[in-house]
Amino acid sequence: MTLGELLVKIKVDAAEAKTGLTDFWQSLKNVNVLGVATVGIIGKQLYDAFKSCKDAAIAAQEKMVKLEAILKATGEASGITKKAALDLATSFSSVTSFSKGTIIEAETLMLTFRNVGKDVFPQAMKAAADLATLMGTDLTSAAMMVGKAMDNPTEGMTALQRSGVRLSATQKAQVEQFMAINNVAKAQEVILSAANAKMGGLAEAYANTYAGRVNQLENAFGGLKKTIGNLFLGEGQGLTGLTNIIKDISKSIETINISFLKFKVTIAEINKTLSFLNKDEKVRAWYAHRDAVFELNAAMKGLNKEQQEISKSA
């Protein structure tokens, strides 16, 4: 290949590299704020952040599915609707250190006990939150304990006593008397009254401590991750959009890489050709092809300008 042919080739390759860079820049300008942020932190940090949000959203969806399944299986026999359960979870999460998702899990378990009706359900959940705070255990385990006490007060009050909720002799007798006439609701009232006297308001009090506020802050971040994750999991559109953005940018980067590789190879070929020319031949080659060299120089300046624009906007 002659020097003239090489110069023409390198001009074409330089133009292709510039086009690739321009396409890449256009891809960045076409994406929204999320897309720009995505491009800015592409790598493991982006993957980890996205996975964390996705996992949070999936976990929340799984909890919701379980709640709906229990309500359907029981035919909402408790009188508690999905909306009522979610409203209660929202309310409790705002005044305790438990997240909304954790409360929904505990509610789902509580609803498996058929004797926990809509009137006693909020009180039972409050008692579970207080008991979990008192024992330093998780809310689901506490809900299990309180749920058993509500479902079968005679046996349940014994289990609660082992956890520190002690009933007086009078209260024990009242529970047994009410159960003898199958008045479960009244027996539940006695147990909840004893629980409230022992630990009533403990969960809310803990939420106002430094540790409790830290938990609430962590819960708020957890909620934010779930919200972001839902943007991608909702109808799949957000996830598809992000995928397409990354694909477009990857394609543009690939175009740049190919163009620059060709450019690099052509430069090497020119240097090889020039090495075989003596001084006079180089001068003659210059005058014969200087227009092509000038055009090449102009193309290189344009390419450099595009690079600077991207650097300023990154």
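Which residues in H5 meet which residues in H7? I opened the notebook with this one. The model is predicted, and I read it as such.

**Entry 1: H5 against H7**

I went to the contact first. On the H5 side I found Thr102, Ile103, Glu105, Ala106, Leu109 and Met110. On the H7 side they meet Leu139, Thr140, Ala143, Met144, Val146 and Gly147. I then sorted the residues of this contact by class: 8 are nonpolar, 3 are polar and 1 is charged.

Next came the geometry. Two packed helices are described by the angle between their axes and the distance between the axes. H5 covers residues 100-110 and H7 covers residues 139-151. Their axes come within 9 Å and cross at roughly 25°. Angles under 35 degrees count as roughly parallel, so I logged H5 and H7 as roughly parallel to each other. I also looked up the hand of the crossing: H5 passes H7 in a right-handed one.

**Entry 2: H8 against H9**

At what angle do H8 and H9 pack? I noted about 155°, with the axes 9 Å apart. H8 runs over residues 153-162, and H9 over residues 169-180. Angles over 145 degrees count as roughly antiparallel, so H8 is roughly antiparallel to H9.

I listed the residues that make the contact. H8 brings Pro153, Thr154, Met157 and Gln161. H9 brings Lys172, Val175, Glu176 and Met179. By class I have 4 nonpolar, 2 polar and 2 charged residues in the contact of H8 with H9.

**Entry 3: serine 163**

I stayed with H8 and H9 and turned to the loop between them, where serine 163 lies. Is serine 163 buried or exposed? The relative accessible area is 14%. Buried means under 20%, so serine 163 counts as buried.

I then asked what serine 163 is in contact with, leaving aside its neighbours within four places in sequence. I wrote down Leu131, Leu134, Met135 and Met145.

**Entry 4: the whole chain**

Last, I stepped back to the chain. I found 14 helices and 0 strands.

How many residues does the chain have, and what share count as buried? The chain has 314 residues, and 33% of them count as buried.

Notes. Residues numbered from 1 in each chain as written. Predicted model: local features only at pLDDT ≥ 70, side-chain atom pairs only at ≥ 80, totals over all residues. Heavy atoms only, no water. Axes fitted to C-alpha atoms, helices over the stretch in contact; angles between N-to-C directions. Helix = DSSP H or I, 4+ residues; strand = E, 2+ residues; numbered from the N terminus. Parallel < 35°, antiparallel > 145°, perpendicular 65-115°, else oblique. Left-handed = near helix turned anticlockwise from the far one by under 90°. Contact = heavy atoms within 4.5 Å. Nonpolar A, V, L, I, M, F, W, Y, C, P; charged D, E, K, R; others polar. Buried < 20%, exposed > 50% of the residue type's maximum accessible area, 1.4 Å probe, protein only.
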